[in-house]
Amino acid sequence: MYNKIKKDKKKLQKYAHKIIPGLSGLLGKRPEMYLPGGNWPTYYKKAKGVTIWGIDKKKYLDFTMVGIGTSVLGYSDKDINFAAINAIKSGSMTTLNPLEDVELAEELLKIHSWAGSVKFARTGGESMSIAVRLSRAFTKKDKVLFCGYHGWQDWYLSANLKSNKKLNEHLLPGLEPLGVPKGLIGSVIPFRFNDWKDLEKVVKKNAKDCAAIVLEPCREKFPDKEYLQELRRIADKNNCVLIFDEITSGWRINTGGAHQKFKINPDLVVYGKTIANGIPMGAIVGRKKIMSLALKSFISSSFWTEKVGPACALTFIKKHRKLKVGKKLNTIGLKIKKVWRDAAKKNNLEIEINGINPLATFKLRTKNWPATITYFNQEMLKENILASDRCYANLKHNDKNIKMYRDACEKIFQNIYELDKKNILEKKLEGPIKQMGFRRLT
Ligand SMILES: Cc1ncc(COP(=O)(O)O)c(C=O)c1O
């Protein structure tokens with residue numbers, strides 16, 4: 001079957017849905033999250049910089065999250081490739097451990113002088129599970145206070161056991177905790193980011209029973225410095241481990257974690273995603289007294305010991321520092337925000353722009369936002385641009401391709417204004433409205 005349909009993107013999507021639940025291992029790569037109806041390219045042949053070659057022989061510019069935020073240097077970076085190929089050629093998985101682990105641990109500890117040791121994993125979610133396990137082992141307490149998204153694992157999804165709306169304000173609405181043991185009800189407590197009321201009502205009230213306070217130090221916006229200071233104080237007072245999840249925010253504004261801007265140290269900091277520019281890698285960096293619990297609690301996995309991940313992470317960190325990638329991403333993010341702001345202004349559209357500069361998002365105040373963003377994605381695709389309501393700045397977003405993105409945005413925002421005014425935007429959709437969160441596919 002596959003060989004017969006592999007060049008037909010619509011048939012391939014349909015078939016993949018039949019034999020792979022949800023089509024993709026990641027909710028965010030389901031075509032329905034961008035453009036349902038079969039037109040989304042869905043599969044690729046090769047990628048370089050911010051260009052992706054689809055199976056339909058078309059070449060697309062990537063102005064979405066560029067590999068779901070994993071590849072800030074651009075796809076198929078030559079130095080990362082060199083490190084990966086060398087690691088493979090010299091034996092990527094053996095009975096012994098890769099030397100690169102030690103050099104990488106030292107490199108991460110130089111970035112975090114308050115920390116004493118490092119543990120490696122490969123994905124973000126599993127790295128966060130390790131951090132939570134260590135915190136529970138260290139404090140001998142079970143409950144966890146959190147805000148934001150931290151992965152698919154039971155500890156996190158259990159927030160939705162009582163009501164499946166608890167996670168709606170934490171990046172992904174509608175997450176189903178089906179299969180998560182009911183015994184975990186009440187084991188995690190969500191709070192709102194940078195919300196002083198919740199800090200009093202939820203965090204302060206529960207901290208003494210909690211093993212950890214978990215949050216991304218920024219995403220939609222930077223928090224007040226005093227807010228992070230207060231969380232630090234609450235954690236110290238109540239013997240809670242303060243965990244900063246830098247899986248998405250890390251390496252965006254500096255060579256390290258976004259929290260370093262505030263000079264407030266957590267007890268554990270977690271990296272994933274772009275730490276090896278698209279090669280699987282995760283790291284938990286933390287205070288020795290907490291990390292040492294990894295000797296007592298069983299936390300162990302075969303592929304956390306292969307060589308490609310740490311070799312590429314080392315190359316990434318050195319290149320990131322040398323090219324001052326954090327500064328550059330900030331400038332590029334500002335340019336992308338300006339594209340949206342100018343295109344909206346020119347076309348009398350009201351726009352809301354959020355996110356720190358390298359993780360920018362927009363929303364137009366039209367009559368039907370889900371229909372509008374579906375239309376935007378649909379029309380951008382006709383310009384050979386992969387687009388969505390967010391654009392993560394990438395080193396390979398340059399003035400030339402940003403201009404192409406700007407020209408396309410201006411044209412499509414103009415159409416949106418006119419169609420919205422005439423109430424006919426939905427009629428122009430060539431398929432259903434895109435999914436806005438998690439929804440079970442039948
Ligand atoms: C802040 C944050 N934490 C954890 C995760 C989970 O990482 P992964 O998808 O690699 O398991 C993500 C993924 O989007 C994330 O953004």
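**Figure 1. Crossing of helices α5 and α11 in the predicted model.** Helix α5 spans residues 100–111 and helix α11 spans residues 308–322; their axes come within 9 Å and cross at roughly 35 degrees. The crossing in which α5 passes α11 is left-handed. On the α5 side, the contact is formed by E100, D101, E103, L104 and E107. On the α11 side, P310, A311, A313, L314 and I317 take part. Sorted by class, the residues of this contact comprise 6 nonpolar and 4 charged, with no polar residue.

**Figure 2. Meeting of domain 1 and domain 2.** The domain assignment of the protein chain divides it into domain 1, made of residues 2–64 and 324–428, and domain 2, made of residues 78–322. A distance of 29 Å separates the C-alpha centres of domain 1 and domain 2. Where the domains touch, 9 residues of domain 1 are in contact with 11 residues of domain 2. Helix α12 (residues 325–346) supplies the largest share of the domain 1 side, namely 4 residues. The domain 1 side consists of 5 nonpolar and 4 polar residues, and no charged residue is found there.

**Figure 3. Residues around the ligand.** The ligand has 13 residues around it, of which G124, G125, G151, I247 and T248 come nearest. Helix α6, covering residues 124–139, contributes 3 residues to this shell, the largest share. By class, the shell around the ligand contains 8 polar, 3 nonpolar and 2 charged residues.

Methods. Residues are numbered from 1 along each chain as its sequence is written. This is a predicted model: local features need pLDDT of at least 70, side-chain atom pairs count only at pLDDT 80 or more; totals for chains, interfaces and linings use all residues. Axes are lines fitted to C-alpha atoms, for helices over the stretch in contact, and angles run from 0 to 180 degrees between N-to-C directions. Helices (H or I, at least four residues) and strands (E, at least two) are DSSP runs, numbered from the N terminus. A crossing is left-handed if the near helix is turned anticlockwise from the far one by less than a right angle, and right-handed if clockwise. Two residues are in contact if their C-beta atoms, placed from the backbone, lie within 7 Å. Ala, Val, Leu, Ile, Met, Phe, Trp, Tyr, Cys and Pro count as nonpolar, Asp, Glu, Lys and Arg as charged, and the others, Gly among them, as polar. Domain bounds come from an automatic or database domain assignment. A residue is near a molecule or strand if its C-beta atom, placed from the backbone, lies within 6 Å of it.
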